[in-house]
Amino acid sequence: MEYKYDIIRSPRKSISITISNRNQITVRCPWGMSENKIKEYLNSKSEWINKVINKNALRLAVNDDIMEKRCVYFNGVKLPLILSDKNVITPEAVYVKKYEDIGNLYKKHCSDEFFNAVDVLSKLTRLTPNSIGIRKYRGRWGCCDSKNNLVFNYILFMLPPKVQRYVIIHELCHILCHNHSPAFWKLVSDFEPNYKRLKKQLADFGFLIDLY
């Protein structure tokens, strides 16, 4: 099967494939690898590639109203997204003067409640961040740096509260384990036994990071 893909060459010794939430295929390979070798590798992984592509296509089809910005998620619920003369979130719809206002609107509307949730979970886990911030991230939901400053992606406010809670716990656990070792995941499971299911739900919303 023929695939459309981008190639990133580097001094690496192996070849790998990544598929974005919007089905953009990227091949990373050594400098000297030929196109034929790349195609052979893609064909050898065709079953997995097709599975991921089909799963992504189904998810995107279900969210075509989100992709076309006719609707927007808020706390896991789809609401109409309406261009108007105001920036406000109501139980019935999200109103913005322009699409670029979504980020600031969500941060203004949701930050205080989210910070309170972080504080509650920090006390529950006894893991205390140095600071907490909200910003727009590309490719990640949150970050815990070496000084234990936590920063979260405002896109989280679009997700169901249980998924938001998982991300908060995930980043808090990085205060103790700055990696994704078995010890880290054991710590996460201590505070969120259903983290594997929630992690999958989080992945299903990954396309939103590229959309806004």
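**Aromatic pairs, sheet and cores in a predicted model**

In this predicted model, Phe-114, Phe-152 and Phe-157 form one aromatic cluster.

Colleague: How many aromatic pairs does the count come to?

Modeller: Two rings are paired if their centres lie within 6.5 Å. By this rule, the count of aromatic pairs comes to six.

Colleague: Is the pair of Phe-114 and Phe-157 stacked or edge-to-face?

Modeller: The ring centres of Phe-114 and Phe-157 are 5.3 Å apart, and their planes stand at 70°. The cut-off is over 60 degrees for edge-to-face and under 30 degrees for stacked. The angle of 70° therefore makes the pair of Phe-114 and Phe-157 edge-to-face.

Colleague: Which parts of the chain does this pair link, and how many residues apart are Phe-114 and Phe-157?

Modeller: Phe-114 belongs to helix 4 (residues 102-125). Phe-157 lies in the loop between strand 10 (149-153) and helix 5 (161-173). Both residues are buried. The pair links distant parts of the chain, and the separation is 43 residues.

Colleague: Are the rings of Trp-185 and Tyr-195 stacked or edge-to-face?

Modeller: The centres of the Trp-185 and Tyr-195 rings are 5.2 Å apart, with the planes at 15°. Trp-185 is in helix 6 (residues 182-191) and Tyr-195 in helix 7 (residues 195-204), so the pair ties together parts that are ten residues apart in sequence. Given the 15° between the planes, the pair of Trp-185 and Tyr-195 is stacked.

Colleague: Which residues does His-170 touch, not counting residues up to four places away in sequence?

Modeller: His-170 is part of helix 5. With 11% relative accessibility, His-170 counts as buried. Beyond those sequence neighbours, His-170 touches His-180, Phe-184, Trp-185 and Val-188.

Colleague: What is the order of the strands in the open sheet, and which strands stand at the edges?

Modeller: The open sheet has four strands with mixed pairing, in the order 4-5-7-6.

Colleague: Which residue of strand 7 stands opposite Leu-83?

Modeller: Strand 5 (residues 77-83) and strand 7 (residues 94-96) run parallel and are joined by three bridges. Leu-81 stands opposite Val-94. The residue opposite Leu-83 is Val-96.

Colleague: How many residues apart in sequence are Val-77 and Met-158, and what is their C-alpha to C-alpha distance?

Modeller: Val-77 is found in strand 5. At a relative accessible area of 45%, Val-77 is partly exposed. Val-77 and Met-158 are 81 residues apart in sequence, while their C-alpha to C-alpha distance is 7.8 Å.

Colleague: Which residues have the most contacts inside the largest nonpolar core?

Modeller: The largest nonpolar core has 52 residues. A second, separate core of ten residues includes Ile-15, Ile-17, Ile-25 and Cys-29. Among the contacts of Tyr-212, leaving aside neighbours within four places in sequence, are Ile-66, Cys-71 and Met-158. Inside the largest core, the residues with the most contacts are Tyr-106, Met-158, Leu-208 and Tyr-212.

Colleague: How many disulfides does the structure hold, and how far from Cys-71 is the nearest cysteine sulfur?

Modeller: The structure holds zero disulfides. Cys-71 is buried at a relative accessible area of 15%, and Cys-110 is buried at 8%. A disulfide needs sulfur atoms within 2.5 Å. The cysteine sulfur nearest to that of Cys-71 belongs to Cys-110, at a distance of 17 Å.

Definitions and conventions:
Residues numbered from 1 in each chain as written. Predicted model: local features only at pLDDT ≥ 70, side-chain atom pairs only at ≥ 80, totals over all residues. Heavy atoms only, no water. Pairing = 2+ DSSP bridges. Helix = DSSP H or I, 4+ residues; strand = E, 2+ residues; numbered from the N terminus. Buried < 20%, exposed > 50% of the residue type's maximum accessible area, 1.4 Å probe, protein only. Core = buried A, V, L, I, M, F, W, Y, C linked by side-chain atoms within 4.5 Å. Contact = heavy atoms within 4.5 Å.
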